[in-house]
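Colleague: I would like to learn how to read the packing of helices, and then the surroundings of ligands. Could we work through one example together, step by step?

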Amino acid sequence: MGFFNWVFLVVVVLHSVDSTIVYSSSLFSNELSKIPSELLDFAKDPVLVDWMVGIRRKIHENPELGYEEFKTSELIRAELDKMGVRYNYPVAVTGVVGFIGTGEPPFVALRADMDALPMQEMVEWDHKSKIPGKMHACGHDAHVTMLIGAAKILQEHREELKGTVVLVFQPAEEGGGGAAKMISAGALENVSAIFGLHVDHSTRIGEVASRSGPILAGSGFFEAVISGKGGHAAIPQHTIDPILAASNVIVSLQHLVSREADPLDSQVVTVAKFQGGGAFNVIPDSVTIGGTFRAFSKESFVQLRKRIEEVITRQASVQRCNATVNFFTEEKPFFPATINDKNLHEYFRNVAGDMLGIDKVHIMNPVMGSEDFAFYQEVVPGYFFFLGMQNETRKQLKSVHSPYFEINEDMLPYGAALHASLAVRYLLDFQPKDHLPEGKYHDEL
Ligand SMILES: *[C@@H]1O[C@H](CO)[C@@H](O)[C@H](O)[C@H]1NC(C)=O
Ligand SMILES: *[C@@H]1O[C@H](CO)[C@@H](O)[C@H](O)[C@H]1NC(C)=O
Ligand SMILES: *[C@@H]1O[C@H](CO)[C@@H](O)[C@H](O)[C@H]1NC(C)=O
Ligand SMILES: [Zn+2]
Ligand SMILES: [Zn+2]
């Protein structure tokens with residue numbers, strides 16, 4: 001079935017009075033392998049691309065931090081309303097969960113994160129952030145746009161869907177654990193698989209990268225207050241110096257990875273914050289240090305957490321200081337490792353390969369960054385992949401979280417089409433087996 005026939009049928013479906021007759025000829029199931037490239041052609045329609053670019057720029061100009069994504073959420077709902085897509089709101093403060101398709105199983109979810117970062121954009125361009133000190137420097141503006149784009153594609157082909165696509169627009173990916181709150185609010189109800197993506201400046205446009213198994217690390221944050229007794233810097237015997245104690249704590253923390261961890265089990269402990277004192281001749285009362293720790297396995301992660309606390313308190317006491325350690329489990333929940341499902345990896349390679357060519361679907365090494373997409377993967381099989389946007393004929397893009405971060409908007413149709421294809425094909429490929437008619441089929445087996 002060619003693309004034009006298909007478009008023609010969609011138009012007929014949209015305008016036909018007795019549309020059930022048209023639906024009965026299933027186009028998708030005949031030529032599964034052609035769906036992804038047809039959807040990419042569809043997504044590359046200049047009208048659709050311009051519309052997506054407009055949405056992305058609007059979100060980029062109005063960045064909102066975690067759990068404050070009210071305008072972004074409003075924009076999403078306005079677009080879903082225009083398309084006639086049903087949704088639940090509010091889910092986890094600002095989140096939106098949309099539904100396209102039959103309302104029946106199977107259910108497959110697609111996820112986009114909505115939040116920006118508390119940093120000042122340094123890129124000078126027409127659509128620079130209008131909010132001082134806030135910036136979409138992680139590409140979540142593009143993630144939202146591509147999921148809205150996918151919603152458009154899916155809604156236009158809704159009669160072809162053999163189940164339900166769940167659109168998950170979540171708040172607070174950047175440390176706030178929005179995914180965990182979405183799950184508590186029921187966003188994964190009936191869902192049997194979930195897909196998510198992240199833009200990547202180091203992968204070429206039209207290419208994707210991912211892997212089976214662990215792809216991103218589990219992560220946590222800690223902060224410690226090391227208290228001594230302040231006084232004159234020239235009379236140290238009357239003080240208890242927290243600067244020296246904190247320095248020893250930091251050195252001791254380095255041994256957790258270098259001496260206690262299996263060298264083949266990647267882990268990180270970084271002290272990124274050190275605050276204490278303000279004068280050349282005053283020993284302060286206390287010092288605050290803070291940082292992050294990362295590991296791929298739960299056991300290693302729990303062990304690191306335990307040892308960080310022990311090392312800080314006990315090493316501080318060596319120098320007569322007291323220390324308290326805060327792991328912020330309320331405000332910044334520990335992120336589990338992002339672990340891609342093995343079967344979904346094969347499935348992703350098939351779908352992305354059909355769209356882009358299998359030589360454009362790269363296997364990547366794991367990285368120590370983390371993603372709250374991992375929360376979903378603890379509940380249902382999930383798959384996370386990186387979407388390329390580097391175009392070598394243009395300037396080199398900066399990495400995420402840089403104040404000079406920019407995206408290549410040419411990537412928007414790829415992300416929208418990948419989302420849509422993964423959902424459409426999943427619903428066709430993973431029909432529940434117990435729906436087979438009973439009786440003579442059993443005899444034949
Ligand atoms: C999940 O499935 C149950 C039973 O079929 C149904 O009642 C419920 O509405 C479904 N939930 C969603 C979000 O569709
Ligand atoms: C440490 O805590 C103990 C017990 O509360 C207290 O007696 C001591 O003064 C504290 N030391 C410092 C340096 O704060
Ligand atoms: C890369 O950029 C060039 C120059 O702007 C453009 O002609 C080309 O289509 C781009 N490639 C892709 C895959 O978008
Ligand atoms: Zn980020
Ligand atoms: Zn991000």
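Colleague: In this predicted model, how are α6 and α12 oriented to each other?

Modeller: Two packed helices are described by the angle between their axes and by the distance between those axes. Here helix α6, residues 140–156, and helix α12, residues 412–429, pack at an angle of about 55 degrees with their axes 8 Å apart, and α6 and α12 are therefore oblique to each other. The crossing of these two helices, α6 and α12, is right-handed.

Colleague: Which residues of α6 and α12 make the contact?

Modeller: On the α6 side the contact is made by Ala 142, Thr 145, Met 146, Leu 147, Gly 149, Ala 150, Ile 153 and Leu 154, while α12 contributes Leu 412, Gly 415, Ala 416, Ala 417, His 419, Ala 420 and Ala 423. Sorted by class, the residues of this contact between α6 and α12 are 11 nonpolar, four polar and no charged.

Colleague: And at what angle do the axes of α5 and α6 cross?

Modeller: The axis of helix α5, residues 70–83, comes within 10 Å of that of α6, and the two cross at roughly 10 degrees. Angles under 35 degrees count as roughly parallel, and α5 and α6 are therefore described in that way. The contact is made by Thr 72, Ile 76, Glu 79, Leu 80 and Met 83 of α5 together with Val 144, Ile 148, Ala 151, Lys 152 and Gln 155 of α6, and these residues divide into six nonpolar, two polar and two charged.

Colleague: Which residues surround ligand 2, and which surround ligand 3?

Modeller: A shell can be read by listing its residues and then sorting them by class. Ligand 2 is surrounded by Ser 227, Gly 228, Lys 229, Ile 240, Arg 320, Cys 321 and Asn 322, a shell of two nonpolar, three polar and two charged residues. Around ligand 3 lie Ile 205, Gly 206, Asn 391, Thr 393, Arg 394 and Asp 410, which by class are one nonpolar, three polar and two charged.

Notes: Residues are numbered from 1 along each chain as its sequence is written. Chains are lettered from A and ligands numbered from 1 in the order in which they are written. This is a predicted model: local features need pLDDT of at least 70, side-chain atom pairs count only at pLDDT 80 or more; totals for chains, interfaces and linings use all residues. Axes are lines fitted to C-alpha atoms, for helices over the stretch in contact, and angles run from 0 to 180 degrees between N-to-C directions. Helices (H or I, at least four residues) and strands (E, at least two) are DSSP runs, numbered from the N terminus. Angles under 35 degrees count as roughly parallel, over 145 as roughly antiparallel, 65 to 115 as roughly perpendicular and the rest as oblique. A crossing is left-handed if the near helix is turned anticlockwise from the far one by less than a right angle, and right-handed if clockwise. Two residues are in contact if their C-beta atoms, placed from the backbone, lie within 7 Å. Ala, Val, Leu, Ile, Met, Phe, Trp, Tyr, Cys and Pro count as nonpolar, Asp, Glu, Lys and Arg as charged, and the others, Gly among them, as polar. A residue is near a molecule or strand if its C-beta atom, placed from the backbone, lies within 6 Å of it.
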